[in-house]
Amino acid sequence: MRLLVVEDDPVLSDGLCVGLGIAGFTTDPVTTLADARAALETGGFGGVVLDIMLPDGSGLDLLGELRGRGDRIPVLLLTARDRVRDRVTGLDAGADDYLGKPFDLDELSARLRAMLRRHEGRAAGLISWNGLSLDPAAQTGRFRDRHLHFSRREFAILYALIEHPGHIWSKSQLEERLYGWQEEVESNTVEVYIHHLRAKLGRDFIRTVRGLGYRLAEKTGT
Amino acid sequence: MSIKLRLFLILALATGLVWLSAVLWIEGSTRAQVEKVLDARLAQSANMVSSLISDHRIEVGDAADKPATITMPASADYSRQLSCQIWSLRGDLVGASSGAPQSRLAGKEGFTTSLIDGENWRVYSVSNADLGVTVMVGDRVTMRDSLVYDVVAGLLWPALVILPLVGLLIWVSVGRGLAPLERLETALRVRSPVDLSPLPEGPAPREIRPVRRALNGLFAQLERVRRTERDFTAFAAHELKTPLAGLRMQAQIARQAKDDATRGKALAAIELSVDRTDRMVRQLLDLATVEGEDNAPEWVDLAALCSDLSMSLRQPADAFGAQLTCDVPAGSGIVTNRFLLFAALRNIAENAILASPQGGQVRLSVRQEGWNVVIRVTDEGPGIDPADLSRVTDRFYRGRATPFQGSGLGLAIVVAAAERMNGTLTFPTSDRGQAVEVTLPR
């Protein structure tokens, strides 16, 4: 899942990107509201981690703009102002969750997963399709009574496919979910990860749609 | 002493004094009146006796050994105290009223006062040349005094009853008069210590209105100060919590990292964050100290100050590869508060060092302009963005494109310190890098 991290403190921003990376997220850091607006224009983000006090204004303004134009992208507010009144203001402004600084990396990851899950309309932490169930928290899966481990990027591709079964994902769409802006995209990596996944799940679990991309196979009824 | 008691005592004392002087005046005038009336009576009585003898209605004996007794009616107290003597020119007592003293009442004609048998007498003597006798009529001074005393006492007794009543009236009146003040006092006493709202407007005596106005002004000022402090505290909390969040995040990464490179990076970030937080805490303390600093001005040698400055900035200067040079003429100095000047220059120079490119020069120079001393610090960094200049001295304001992550407090400290030294902070245009000038009165 790709997240936009809007935080002006370099140490914290770096920590968020690395920490959320360990937790299985792909992150793109920006430090100002202007950069955040530009990044959101390009799209492709599953959620936003938003600091309130930014050099060129308040994160709450950006949140207001997003909600004002009907954008339902999940937003987690991150701020030092965490009195009840501030939290109420943030949530009423349209935030999906609110976390006061300093926070725990595991709690942040769990909240982000819960937030994204709610956004997708699921109540359970696990997501499953055709005999495969994925646990986003542990980045593990269970397939026909076998316990499977995935690398971060393998999991990201599989998660994207299961999130929208039937949807055909192009190679570039999948790359977008795998890499932040600052990361160098290696050629053929998507093919390599798909190859690894097929080795773990069987050849037919992921279908190649010639010329378009990849999608999951139809349900087999098991 | 309360105003009420004070007013009461003043009014009671004044009233008492007025009463007392009235009593003294009445006593004096009564005495004069009584003397006049009684003297007239003495003279009248003496003349009457003298004419009675002349008509021979009363026979005066010849011999001194058997003086005649004139019986006077013994009805009233006063009459009984009136005594009459008739003396022959030879010096024999030829007649006397009953109860009159045996010794001669007076030695000469007219009014006299004489001491007889230990008592003061007022006597009137008149000579009857036809019969060769002197008629003397006198009364006791103590009797006259008691008459005056009776009059004064008649005035004093009602006064003693009325005075407490007057006192009570004064007490009540003073209380009523001070009621608006008491209402103000109650309004102030019952409000909570955090309530800084203005006192309610409304009718008030002319004397209370300026007090209320002054209090409301004070409340407004306190409210402003408190809001600024609250904002400052909220900002400070935010600014301290953000690096704390970064520290915690990086610490968790260091613990969870699977490879040494990630762990090493996280630990380096922790160190950087600790340094920055430490600088921020020091600046917060500096700001508080600068605002509360009230040491006396002293002679500050600017060359020595500058070398102390480069000593204290050695660590960041080495880290950023910048060099601080002092271009200060020997012996130049200024009378000011050393701590404030040092805090101001330290923050300016530290900013300059942090903004410097590798190997950059930070130069501190001093010049005199009329009655002012101008201390100028220049660097070779990118300079402050002109769009940020107006806000760059605001607390916690960081320029949008700062080359380093500051606390946003440095220049706020400089401004506060310069103000305390009656100086100013300016950012003159410079061909290269940024110039900052502190102008101080000599």
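The side chains of Arg31(B) and Asp145(B) meet in a salt bridge at 2.8 Å, N to O, the term denoting a side-chain nitrogen of Lys or Arg within 4 Å of a carboxyl oxygen of Asp or Glu. This pair links distant parts of the chain, with Arg31(B) in helix H1 (residues 3–54) of chain B and Asp145(B) in helix H3 (residues 141–177) of chain B, 114 residues apart. Helices (H or I, at least four residues) and strands (E, at least two) are DSSP runs, numbered from the N terminus. Arg31(B) is partly exposed, with a relative accessible area of 29%, and Asp145(B) is partly exposed at 32%. Here buried means under 20% relative accessible area, exposed over 50%, and partly exposed in between (1.4 Å probe, protein chains only).

The structure is a predicted model, in which local features need pLDDT of at least 70 and side-chain atom pairs count only at pLDDT 80 or more, whereas totals for chains, interfaces and linings use all residues. Residues are numbered from 1 along each chain as its sequence is written, chains are lettered from A and ligands numbered from 1 in the order in which they are written, and side-chain values use heavy atoms, with hydrogens and water left out.

**Salt bridges**

Over all chains, the search finds 32 salt bridges. Selected pairs are tabulated below.

| Pair | N to O distance |
|---|---|
| Asp9(A) and Arg276(B) | 2.5 Å |
| Lys101(A) and Asp51(A) | 3.2 Å |
| Glu350(B) and Arg279(B) | 2.9 Å |

Lys101(A) is buried at 1% relative accessible area, and Asp51(A) is buried at 0%.

The pair of Glu350(B), in helix H9 of chain B, and Arg279(B), in helix H6 (residues 260–292) of chain B, links positions 71 residues apart. Both Glu350(B) and Arg279(B) are buried.

**Interface of chains A and B**

Chain A and chain B each contribute 23 residues to the contact, defined by heavy atoms within 4.5 Å. About 2200 Å² is buried between the two chains, 63% of it on carbon and sulfur atoms; buried area is the accessible area (1.4 Å probe) that two parts lose on being put together, summed over both. Val11(A), Met53(A) and Pro102(A) supply 25% of the area that chain A buries against chain B, more than any other three residues. The rule finds three salt bridges across this interface. On the side of chain A that touches chain B, helix H1 (10–22) and helix H5 (105–120) of chain A each supply at least two residues. The largest share of that side, nine residues, comes from H1(A).

**Disulfide and a buried serine**

One disulfide is counted over all chains, the criterion being a pair of cysteine sulfur atoms within 2.5 Å. Cys306(B) and Cys326(B) form this link, with their sulfur atoms 1.9 Å apart. The link is left-handed, with -85° about the S-S bond. Cys306(B) is in helix H7 (residues 302–312) of chain B and Cys326(B) in strand E8 (residues 323–327) of chain B, 20 residues apart. Cys306(B) is buried at 1% relative accessibility, whereas Cys326(B) is partly exposed at 35%.

Ser83(B) belongs to strand E2 (residues 83–88) of chain B and is buried, with a relative accessible area of 1%. Beyond its neighbours within four places in sequence, the contacts of Ser83(B) include Trp121(B), Met136(B) and Val137(B).
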